[in-house]
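Try each task on your own before you read its solution.

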There are 2 protein chains.
Amino acid sequence: MSTHDSSYFQVALSTSLVVYGFDGENLLTLIGQKPQEPYKGAPMLPTTMVKPDQSVEDAAAAVLTESLGLSDYYLEQLNAFSKLYRKPEGRVVNIAHYSLIKHELMERKPAAGYQWIRPKEMPDLVYDHNQIFDFAQERLKRRVKHRPIGFRLLPKEFSFNQIHLLYEQTLGKKLDKRNFHKKLMRSKLLIDEHKAEKMDGSNKPSHLYSFNEKRYNKLNLRGYDFKF
Amino acid sequence: MSTHDSSYFQVALSTSLVVYGFDGENLLTLIGQKPQEPYKGAPMLPTTMVKPDQSVEDAAAAVLTESLGLSDYYLEQLNAFSKLYRKPEGRVVNIAHYSLIKHELMERKPAAGYQWIRPKEMPDLVYDHNQIFDFAQERLKRRVKHRPIGFRLLPKEFSFNQIHLLYEQTLGKKLDKRNFHKKLMRSKLLIDEHKAEKMDGSNKPSHLYSFNEKRYNKLNLRGYDFKF
DNA sequence: GCAAAAGTGTTAGGGTTACACCCATGT
DNA sequence: ACATGGGTGTAACCCTAACACTTTTGC
């Protein structure tokens, strides 16, 4: 292989993000709008070009800053989407990522043109963005089953019902309440905070848990499976 | 996002491959040599630059053709490795893949400069190729556990001992012979060919199985786990 | 008959699943 | 007292893991 041929250096990089958040009841994902013609205003994943001297992760982080005003984020690469659909200017390779947003940061409104929607209501997107989104959905399912990634979406203190809702929505199926509860407790990854949530309706207040990260890190060393 | 700025189009693409094969007893992986100074002759993953009008998959396939003379291959993208370690000519993004080679194609010798080695004996490689290799090793482990990908490496007809060796080597641990046998049989994914292997030593001949791909495809529709 | 590899069963323990009712709270 | 969501146990089944000896073959 030789790189001593400047004709190779004709490609541009972009990155699209599939961003997930949990508002306390629902798993949500972020969509933006195409800023220019053609198809100006059409829904798309939050996306940016990557500057030649910029790391892809920095470019992805900039998208989060622009759309949500965040500097605190979890990012993971999905895949490079490199189909040769030509723009007149040349080839663009999209190194897509997905990102999980802490519940605490979900209150502020997204910037103009961005909105949170339910993943099930994802519309048709420009380019191959639906393919990227589907890829992210699969990745999220696997991650949530095998790693305690749900805790990056939940509030620091959460009720059993919140984690239950989140798992049902990411996995896209009903999970038996009692069995899920047993499994969670058996894992010993939850700390019982011995306090109840603030009331909001007329019903029994739930009590709160937090994630035992230290214990997880210990377990993690021997065998990387969480198994939900 | 705007691509209407030609300054973005300065990146080159390469692809490195982590190629696995099974010679009947051992899981092997392919290494090449750096063809130019600096570090000419240093071990590296089989790699090529991607031409601006070439798909990444085609470029990866070309590496397999050059190194092994193959046109029949399984390829899967690993990740894009896009660190900003600058060459004087500009930025190179490596969209790495891994590939599984059918046992039937393992007899011919690799081209000059390439050789099959045991994954455990992987030497220090140039650039970030060890990182790519480690990434591939993790991916292979997961795939072999959850999908019947071992069958892409095994001969069409294989003995229980061959599949046992292959799984032990990909997972990097001993698997109890009797339990593994039961699990395989329970899965009903093997067809008993009711014949014995040709003898090569002075011992009991094993009998041969093949992979029941039709049955797998049926199972695959509902739930994508093989679970080994 | 011996060396080399193939083949084969049982048991205990733990995980998974299916399933329905009572409890605590605010109004 | 009622409406709302919170919280809890048991039994059957299946899977896993641990474990060692006998069989078949060529020489």
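## Exercise 1: A phenylalanine in a strand

Phe81(A) is part of strand E5, residues 74-81 of chain A. Keep in mind as you go that this is a predicted model.

**Task.** Work out whether Phe81(A) is buried or exposed, and find which residues Phe81(A) touches, not counting those up to four places away in sequence.

**Solution.** 
- Step 1: start with the cut-off, under 20% relative accessible area for a buried residue.
- Step 2: Phe81(A) has a relative accessible area of 8%, so Phe81(A) is buried.
- Step 3: look for its partners. Leaving out residues up to four places away in sequence, Phe81(A) touches Val92(A), Val93(A), Asn94(A), Ala96(A), Asp128(A), Gln131(A), Ile132(A) and Phe135(A).
- Step 4: From C-alpha to C-alpha, Phe81(A) and Arg178(A) are 41 Å apart in space, and 97 residues separate them in sequence.

## Exercise 2: A glutamate without a salt bridge

**Task.** Find the helix that holds Glu168(A), then say which side chain of opposite charge is nearest to Glu168(A).

**Solution.** 
- Step 1: Glu168(A) sits in helix H3 of chain A, which covers residues 160-171.
- Step 2: Glu168(A) is buried and has no salt bridge; Lys174(A) is the nearest side chain of opposite charge, 4.0 Å away.
- Step 3: now check for a polar partner in the backbone. A polar atom of the Glu168(A) side chain lies 2.9 Å from the backbone nitrogen of Leu175(A).
- Step 4: list the contacts. Not counting residues up to four places away in sequence, Glu168(A) touches Lys173(A), Lys174(A) and Leu175(A).

## Exercise 3: Around DNA strand D

**Task.** How many residues surround DNA strand D, and which helix supplies the largest share of the surface near DNA strand D?

**Solution.** 
- Step 1: 22 residues surround DNA strand D, and the closest are Asn161(A), Lys177(A), Lys182(A), His207(A) and Asn179(B). Of the atoms of DNA strand D that come within 4 Å of the protein, 43% belong to sugar and phosphate.
- Step 2: turn to the helices. Helix H4 (177-187) of chain A and helix H4 (177-187) of chain B each supply at least two residues, and the largest share, five residues, comes from H4(B).
- Step 3: look at individual atoms. A polar side-chain atom of Lys182(A) is 2.6 Å from a base oxygen of DNA strand D, while one of Arg186(B) is 3.5 Å from a phosphate oxygen.

## Exercise 4: Around DNA strand C

**Task.** Which side chains place an N or O atom by a phosphate oxygen of DNA strand C, and which helix gives the most to the surface near DNA strand C?

**Solution.** 
- Step 1: begin with the surroundings. DNA strand C has 23 residues around it, with Asn161(B), Lys177(B), Lys182(B), Asn203(B) and Asn179(A) as the closest.
- Step 2: look for phosphate oxygens. One lies 2.8 Å from a side-chain N or O atom of Asn161(B). For His207(B) the distance to a phosphate oxygen is 3.0 Å, and for Arg186(A) the value is 3.3 Å.
- Step 3: name the helix. H4(A) gives the most, with five residues.
- Step 4: sort by type. This surface has three nonpolar, 10 polar and 10 charged residues.

Definitions and conventions: Residues are numbered from 1 along each chain as its sequence is written. Chains are lettered from A and ligands numbered from 1 in the order in which they are written. This is a predicted model: local features need pLDDT of at least 70, side-chain atom pairs count only at pLDDT 80 or more; totals for chains, interfaces and linings use all residues. Side-chain values use heavy atoms; hydrogens and water are left out. A residue is near a molecule or strand if one of its heavy atoms lies within 4 Å of it. A polar contact is a pair of N or O atoms within 3.5 Å; within protein, one must be able to donate a hydrogen and the other to accept it, and residues adjacent in sequence count only if both atoms are side-chain atoms. Helices (H or I, at least four residues) and strands (E, at least two) are DSSP runs, numbered from the N terminus. Ala, Val, Leu, Ile, Met, Phe, Trp, Tyr, Cys and Pro count as nonpolar, Asp, Glu, Lys and Arg as charged, and the others, Gly among them, as polar. Buried means under 20% relative accessible area, exposed over 50%, partly exposed in between (1.4 Å probe, protein chains only). Lys and Arg count as positive and Asp and Glu as negative; His and the chain ends are not counted. Contact means heavy atoms within 4.5 Å.
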